[in-house]
Amino acid sequence: MAIQISSELLDGCVLGLLMHDDYYGYALTQKVQGSISVSESTMYPVLRRLKKNQLLTTYDEPYQGQNRRYYRITAEGKRQFKVIQEEWRDFKNKVDKLLGGESHE
């Protein structure tokens, strides 16, 4: 069984990677796919939405005669990442309690 990942959590994964470095689309997709199951056709709409919401900016760099579009997190993207990160911690702790069989006081 594959657990479906919410769009907000996927946004958080992308923003989290971009907190450390800029990536071009394919490399970013490969990084995400290294940890969670997501299709390439899912990633590009995510990147477009994050850019539209001003959480990312883009720039082009030449590579072997063509341009690669790189994604960079914005200041607003960093703020949103912190919100998603905090919400994830809270959600994860609650699910861990349920799955771990800890007592519910």
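The second largest pocket holds about 190 Å³ of space. A pocket here is an open set of points on a 1 Å grid over the protein atoms alone, where a 1.4 Å probe fits, with protein on both sides within 12 Å along at least five of seven lines. The volume is the space filled by probe spheres set on the points, which are joined across faces, edges and corners.

This is a predicted model, where local features need pLDDT of at least 70, side-chain atom pairs count only at pLDDT 80 or more, and totals for chains, interfaces and linings use all residues. Residues are numbered from 1 along each chain as its sequence is written, and side-chain values use heavy atoms, without hydrogens and water.

So who lines this pocket? There are 13 lining residues (an atom within 4 Å of a point), and Leu9, Gly12, Cys13, Gly16 and Leu17 sit nearest the centre. Helices H1 (7-18), H2 (25-33) and H4 (75-100) each give two or more residues, with H1 giving the largest share, 5 residues. Helices (H or I, at least four residues) and strands (E, at least two) are DSSP runs numbered from the N terminus.

| Pocket | Volume | Lining by class |
|---|---|---|
| Largest | about 250 Å³ | 7 nonpolar, 3 polar, no charged residues |

Strands pair if DSSP finds at least two bridges between them, and 8 bridges join E2 to E3 (residues 66-73).

Conventions
Ala, Val, Leu, Ile, Met, Phe, Trp, Tyr, Cys and Pro count as nonpolar, Asp, Glu, Lys and Arg as charged, and the others, Gly among them, as polar.
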